[in-house]
Amino acid sequence: MAITISNLSKTYSNGYQALKNISFDIADGDLVCLLGPSGCGKSTTLNIIAGLLDPTSGDIGIDGHSIIHEHPKDRNIGMVFQDYALYPHMTVLENVEFPLRVGDHRKPKAEAERIAHRYMAMTGIEEMADKKPGAMSGGQQQRVAIARALVGDPKVLLLDEPLSNLDARLRLRIREEIRRLVKSTGITTVFVTHDQEEALSISDRIALMNQGVIQQYDVPQQLYLNPANLFVAKFLGSPIINLFDLAYDQSRKALTGPTFDIPLDRLDRGRMRDGLARALASGKVIAGIRPEHFLVADAGRTPDFTVTIDSVEMIGRYSVLHFDADGVHAASTVDARSPIRDGDRVGYVIDYGDIFLFDEQGTRLY
Ligand SMILES: Nc1ncnc2c1ncn2[C@@H]1O[C@H](COP(=O)(O)OP(=O)(O)OP(=O)(O)O)[C@@H](O)[C@H]1O
Ligand SMILES: [Mg+2]
């Protein structure tokens, strides 16, 4: 089912405006992540879709038909909460079949059990049918919650930070299982997380939110490679993007900083946006350079700048070189086999074509 979210706003009774006119469309069968820092409005959005919360204004459509006035139980939406919310006194089987045993459309016991077993098999918890949630690991409880959300054959699946209680390894495994499940059932899914890596790895599209506003809604690759603004550029990427306040030197036609300059003729004209000329005239521009775009200069190549490495941080697949660019902390990434050590002098070449420029309000200029 396709979901259309139109001009949704939410002001809580204390006057706090948690959502400011957000709109986005989710295609049938897509897995979309709502990503953003704590308090940005992710759960508010999810709860409004589920019908657990009324919006102040705006509309939600499923396959072109508004559900905003429908009762939660008539919306045919499966939801998994952050804390699983399993019934502790019931067994796994009883938990999973519960939605089929209550309400107007309750099914006979045998049929409910048969359906519950199908979803327990799908989520790999069938052998635990008689266990109580208290005797299960977080990951197992998680799968019970997912089976329970799916058992009513919902049109839409909503998951609110479903993996936050799990250890790193289990998170990785369960998120892949969720992705596989969503794709095999074709169920349209909205997944809330504040973990950028989780969002990048499982989403068809990501809605990156901040302070009740969608900053960018796009495929994961575009958010990383083509951020809409400074907030998006800063939110995605690890290590975090390097930022430098540069001045514009009209006579040299270059953005100048204490450590390195960016001559305008090194930039790709096609990537320059309308506001760039205005920002240059104001004299100030913020440059964003991802750690992978500071390249260690090969022997024989003239570096754009040379610095002393403060520390080398081994991550595994790569290492992070930390250095000081005249008072600004900066980082670059290098292959894990790099011989560079603390205190070494390193010459860098800047990959100018891949840098970003922003004005002081964070609007993308390049
Ligand atoms: N019932 C409420 N009354 C007033 N303000 C609220 C209420 N519920 C949430 N808020 C505020 O609305 C904002 C958005 O809350 P929401 O729960 O949607 O954030 P979130 O993005 O899910 O954050 P987190 O990642 O911490 O779960 C927050 O600033 C929160 O304090
Ligand atoms: Mg939340």
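Student: How many Å separate the centres of domain 1 and domain 2?
Tutor: The centres, taken over C-alpha atoms, are 40 Å apart. Domain 1 covers 3-235 and domain 2 covers 242-358; the bounds come from an automatic or database domain assignment. Bear in mind that this is a predicted model, where local features need pLDDT of at least 70, side-chain atom pairs count only at pLDDT 80 or more, and totals for chains, interfaces and linings use all residues. Residues are numbered from 1 along each chain as its sequence is written, chains are lettered from A and ligands numbered from 1 in the order in which they are written, and side-chain values use heavy atoms, leaving out hydrogens and water.

Student: What area do domain 1 and domain 2 bury between them?
Tutor: About 690 Å², with 58% of it on carbon and sulfur atoms. Buried area is the accessible area (1.4 Å probe) that two parts lose on being put together, summed over both.

Student: New topic, helices. At what angle do H4 and H5 cross?
Tutor: Roughly 15 degrees, and their axes come within 11 Å. H4 is residues 138-150 and H5 is residues 168-185. Axes are lines fitted to C-alpha atoms, for helices over the stretch in contact, and angles run from 0 to 180 degrees between N-to-C directions. Helices are DSSP runs (H or I, at least four residues), strands likewise (E, at least two), numbered from the N terminus.

Student: So what is H4 relative to H5, parallel or antiparallel?
Tutor: That angle makes H4 roughly parallel to H5. Angles under 35 degrees count as roughly parallel, over 145 as roughly antiparallel, 65 to 115 as roughly perpendicular and the rest as oblique.

Student: And how do H2 and H3 cross?
Tutor: H2 (residues 92-101) and H3 (residues 109-122) have axes that come within 9 Å and cross at roughly 120 degrees. That makes H2 oblique to H3.

Student: What is phi of glutamate 161?
Tutor: Near 45 degrees, a positive value in a residue other than glycine. Glutamate 161 lies in the loop between strand S7 (156-160) and H5.
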